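Good morning, and thank you for coming.

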Amino acid sequence: VPDLTAESPDERLDQLVELVVELASGHLGARMPPSEAGDRIDAVTVGLNMLAEELQALSEDLEQRVVERTHQVEQAHRQLERLALYDPLTGLANRTLLADRINQAMTGVDRGAQPPAVLLLDLDGFKVVNDSFGHVVGDRLLVEVARRLQEVVRETDTVARLGGDEFAVVAAATTATRAIEIAGRVQDALKRPIQAGPHQCWVGTSIGIRMAEPGHTAETLLRDADTAMYVAKGQGRGGVRFFEPAMHATALVRVRVAEELRTAISSDQLEMHYQPIVELEGARTVGVEALVRWRHPVRGLLGPEHFIDVAEDTGLVVPLGGWVLDTAITQLARWRAGVLGRAGFAMHVNVSPLELRSPSFAEDVLGRLARARAAATDLVVEITETQLMGEDPQTARTLDTLRSAGVGVAIDDFGSGYSSIGYIRRLFVDTIKIDRSLVSDVDTDPQQHRVAAAILTLVEAFGLTAVAEGVETAAQAEHLRALGCRYGQGYLWGRPVPVEAMTGLLSAAVQEPAPRS
Amino acid sequence: MGGDTESELDLTFRRDERGIVWITWPRGIHIDGPMAREGMDRLALYNGGRKQPTIVEMVGVAGLTREARQVFTGECCATRMALLGASPVERVIANFALAASRYATPIRFFATEDAAVDWLTRAGPDR
């Protein structure tokens, strides 16, 4: 009771006032020891201490929770940012982030920095991989491509996936020479085969480059790089092109061609013409090459050179190839049942390398033959030499399956590209079609004559059959015959003609075996 | 009457003739979390694990931390627990101890022994 108090109640009340002031000013750790009296003032003191402790604990809890929530919000924000700015499959920047990086670089240009270069690329043959092996394999391929692209750029450069098989590199502060170097490294990186799951895939790439100039926006640069890329693709796989303003018109034409071709395939605008393949000795027709034509409602009759590239870039090569095969095989069966009888004959059909890389292609061809009741031995597929890329095992399997079933394989335009003896040796062909460029001067240019002679010797040595293309004069035909070439094709014997005209020509009896082994 | 028990924490345990267990905290103690846990453990030991009606004598207890109060909301070896204190300080402390919304054991504050005993014995074995 009161004697135990060390201080007078008034002093303790003063201390209590100080405690309240300190707590009020935010010092929640402030406490006041109670006296030993245990009286009402001590009760208030203890109560205040305990309230302060409670308040301090709640405040700390709250702070802790704020820290945790802030962290969670930051994490969610980062995750959203990733979703918004990065490609979830490859982890590369997406189009939004890429545009942002380009715009950043362009801001630097306004302050006098060197402009960036935008490189746009897509993968040649990706669609076939995806269609043939499925999206899982396609996705693995894209992930590996992304990894390789990141390996060949500087840290200051940005690699982005714009969607599908389209990628872009923004090389900061870059000269044209350096941009070309990067393009070269990208192409080297993608030349090596890519193991995607159980499948080894070959993809090349064509690259369009747009060197930025002050005032350019990301949108302009990407559009121009895209245009340049399409021009690069149009000039053969693996090309690199810088953007030039004149390219825009070309790009627009390609877009229109693609749209119109889609309509053409489904609305009977395609027609097949046939050019005779003859035996040089006696000029008998032993086969025909089926050549697709497009009867364009405005532009008239168009040869494949006007639309094949677009078809391959847009995937239209699949329905187009299907139409070509069906038409040729059906016609083959009709001729066999009519004018041909049992005479030796071969229907030559051009096949896209993209089709050959599809695992279902061989089966598809054999299925079409069976449905038309046509003999596999009457069909020859022609592959352009320049398009036979690398050592694609799927192409080899396709050709092997076709040949086992009796279908012949011819290399088209031999001598026009990287004429490889390897193709002749690799035992997956039966016929070599010698390019017109080697035929044109065979009768007048001794050098050409020697080259033609050498190729024919090789063809003979490997037990294959040669067909000379683009034969226009009797003199050329005679020289080729003298060199041991057995078959020829060209204006000397006839241009490609519609089916009715060819039926008439074939009626003039075909008896010798077809030009194939 | 049960025997007294002591340890480094100067807690006293005894059982009276009505079977009520008395825990007495030393004077001037400021009970923190570890002390509260030790008190609960030693009560369980004293009771041999059987729950008993319990009186906690708070006379002279100077303070009770937040952590200690949380210990008292948990499971303990008592059917009911009466907090017994006489001074305003003890009343304040006890009522802080009772401020939690849920207790594993019924707990109340009493200013007199009679009221505490009445509440403990009026109840059934568990309440």
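What you see here is a predicted model. Let me begin where the two chains meet: 11 residues of chain B are in contact with 14 residues of chain A. The area buried between chain B and chain A comes to about 1,000 Å², and carbon and sulfur atoms give 67% of that area.

Between chain B and chain A the count is 2 salt bridges. One pairing to look at is that of A:Glu54 with B:Arg69, whose side chains meet in a salt bridge at 2.6 Å, N to O. Across the interface of chain B and chain A there are also 3 residue pairs in polar contact, with both residues at pLDDT 80 or more.

Which elements of chain B give two or more residues to the side that touches chain A? These are α2, residues 66–72, and α3 of chain B. Of the elements on that side, α3(B) gives the most, with 5 residues. By residue class, the side of chain B that touches chain A divides into 7 nonpolar, 2 polar and 2 charged residues.

Let us move to the sheet of chain B. It is an open sheet of 5 strands, in the order β1-β2-β4-β6-β7 (chain B), and the pairing is mixed. At the edges lie β1 (12–15) and β7 (107–110) of chain B, each of which pairs on one side only. From one strand to the next, the twist averages 25 degrees.

At one end of that order, strand β6 of chain B, residues 78–84, pairs with β7(B) in the parallel sense over 4 bridges. Within this part of the sheet, B:Leu84 stands opposite B:Phe110 in β7(B).

Two helices complete the picture. Helix α1 of chain B, residues 33–46, packs on the sheet and touches β1, β2 (21–24), β4 (52–57) and β6 of chain B. The direction of α1(B) makes about 35 degrees with that of β1(B). Helix α3 of chain B, residues 88–97, also packs on the sheet, touching β6 and β7 of chain B. Its direction makes about 170 degrees with that of β7(B).

Definitions and conventions:
Residues are numbered from 1 along each chain as its sequence is written. Chains are lettered from A and ligands numbered from 1 in the order in which they are written. This is a predicted model: local features need pLDDT of at least 70, side-chain atom pairs count only at pLDDT 80 or more; totals for chains, interfaces and linings use all residues. Side-chain values use heavy atoms; hydrogens and water are left out. Two strands pair if DSSP finds at least two bridges between them. Axes are lines fitted to C-alpha atoms, for helices over the stretch in contact, and angles run from 0 to 180 degrees between N-to-C directions. Contact means heavy atoms within 4.5 Å. Buried area is the accessible area (1.4 Å probe) that two parts lose on being put together, summed over both. A salt bridge is a side-chain nitrogen of Lys or Arg within 4 Å of a carboxyl oxygen of Asp or Glu. A polar contact is a pair of N or O atoms within 3.5 Å; within protein, one must be able to donate a hydrogen and the other to accept it, and residues adjacent in sequence count only if both atoms are side-chain atoms. Ala, Val, Leu, Ile, Met, Phe, Trp, Tyr, Cys and Pro count as nonpolar, Asp, Glu, Lys and Arg as charged, and the others, Gly among them, as polar.
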